Amino acid sequence: MTAADQHDDEERPEAPEDSDDSTEFFRAIGKQLKVLRERANLTQKQTADLFGYSEDLISSLERGRRVMQKEFLLSAEVKLDAGGMFEVIQDDVEQAKAKAQLRTPVAFRVFSRLEPLAVERHQYCTHDIPGLLQTEEHARALLTMRKPLLAEQTIEERILTRMARQDLLDQWPAPELTWIIEESVLRRPIAGRSVHAGQLEKILRAGRKRNVEIQVMPLERTEHAGMSGPFILLTPKGKPQLGYIEVQSFSHLTRNPEEVRILAAKYGSLRAQALTPSESLALIEKMLGEL
């Protein structure tokens, strides 16, 4: 399992009555976005072009799978003539986001607050597709198959949180984002061939972004610097680089210079041992063609 994405798969399940209403709140806002779009006689693609986002993102916002950021709300207020609706709910959106995060482990909560501020983010993944690259279907399959079982409402909330974190990929100024993913992770058809094909396609789209580099660690490598497990290196704007590690339900956030230095050295070695970004995308395209 990858690092920061693992926390919401490995916690003990909450009882359904402990779930908050953040999921329904974001769905309601998404429905309002759809009403305003249709009132303006715009398709999702036209709306995406109008805002400078992807069509997939607009679709996810309308379904409440992604959280509308303040910049989007302000822009939608003007471009879709929302009549003040999106302007007045900004504080409610921030409160709902904060409420949804309250039950996450403390280390991850700190990490998730720093992640949107990243100018660099580097991740080594050993067991699963990293959460920032997962499709909704892949994420749902992981959360559904988790043991002990999670309540349905909890699954929906965690999908929402995971999809919201993906806003980092469309952020501007664009942070430098890199991933090293084990080949075995990319070959494991979680939820079946159709879902896996969609997952590989999403990774390819992300890997073609100018600020993203994805590398595959081949199974055939006889030397490997990452045998001690997955980790993330994060550099928030104006702050020193930090390290984040999770194993099962245990998380550790470190700002210790020596610990961070060791992780950074390992990551440098891993990048040298993995396939180049272009070789990696070619291999993923080949995997997709074989499905």
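These legends describe close-up views of a predicted model.

**View 1. The whole protein, as a starting point.**
This predicted model has 14 helices and 6 strands. Of its 291 residues, 52% count as buried. A search of the whole structure finds 3 cavities of 30 Å³ or more. The views below take up the sheet, a helix on the sheet, a loop residue, a pocket and a cavity.

Strands of a sheet pair through backbone hydrogen bonds, either parallel or antiparallel.

**View 2. Strand 1 beside strand 2.**
Strand 1 covers residues 118-125, and strand 2 covers residues 176-182. The two pair in the parallel sense over 6 bridges. Arg121 has Leu177 of strand 2 as its bridge partner. His122 has Thr178, also in strand 2. A residue counts as buried when its relative accessible area is under 20%.

Strand 2 and strand 3 run parallel, joined by 6 bridges. Trp179 has Ile214 of strand 3 as its bridge partner. Ile181 is partnered with Val216, again in strand 3. Even so, 5 of its 6 residues are buried, so the rest of the structure largely encloses strand 3. In a regular strand the side chains alternate between the two faces of the sheet.

**View 3. Arg271 on helix 13.**
Arg271 sits in helix 13. Which residues does Arg271 contact, leaving aside its neighbours within four places in sequence? They are Thr178, Ile180, Glu213 and Gln215. Of these, Thr178 is also the strand 2 bridge partner of His122. Arg271 and Met217 are 54 residues apart in sequence, and their C-alpha atoms are 8.5 Å apart in space. Arg271 is partly exposed, because its relative accessible area is 24%, and partly exposed residues fall between the buried limit of 20% and the exposed limit of 50%.

**View 4. Gln134 in its loop.**
Gln134 is found in the loop between strand 1 and helix 9. Is Gln134 buried or exposed? Its relative accessibility is 0%, so Gln134 counts as buried. Leaving aside neighbours within four places in sequence, the contacts of Gln134 include Asp128, Ile129, Ala139 and Leu142. Arg162, Met163 and Gln166 are also in contact with Gln134. Gln199 and Lys202 complete the set.

**View 5. The second largest pocket.**
This pocket has a volume of about 520 Å³. Its lining holds 23 residues. Ser54, Asp56, Arg66, Lys202 and Arg205 lie nearest the centre. Helix 4 (55-62), helix 9 (136-145) and helix 12 (193-207) each supply at least two residues of the lining. Helix 4 gives the largest share, 5 residues. By class, the lining has 6 nonpolar, 7 polar and 10 charged residues.

**View 6. The second largest cavity.**
About 40 Å³ of space lies in this cavity. Which residues line the second largest cavity? They are Phe26, Ile29, Gly30, Leu61, Arg66, Val67, Met68 and Val93. Helix 2 (residues 22-39) gives the most to the lining, with 3 residues. The lining divides into 6 nonpolar, 1 polar and 1 charged. Arg66 lines this cavity and is also one of the residues nearest the centre of the second largest pocket.

Conventions. Residues are numbered from 1 along each chain as its sequence is written. This is a predicted model: local features need pLDDT of at least 70, side-chain atom pairs count only at pLDDT 80 or more; totals for chains, interfaces and linings use all residues. Side-chain values use heavy atoms; hydrogens and water are left out. Two strands pair if DSSP finds at least two bridges between them. Helices (H or I, at least four residues) and strands (E, at least two) are DSSP runs, numbered from the N terminus. On a 1 Å grid over the protein atoms alone, a cavity is a set of points where a 1.4 Å probe fits but cannot get out, and a pocket is an open set with protein on both sides within 12 Å along at least five of seven lines; lining residues have an atom within 4 Å of a point. Grid points are joined across faces, edges and corners, and a volume is the space filled by probe spheres set on the points. Ala, Val, Leu, Ile, Met, Phe, Trp, Tyr, Cys and Pro count as nonpolar, Asp, Glu, Lys and Arg as charged, and the others, Gly among them, as polar. Buried means under 20% relative accessible area, exposed over 50%, partly exposed in between (1.4 Å probe, protein chains only). Contact means heavy atoms within 4.5 Å.
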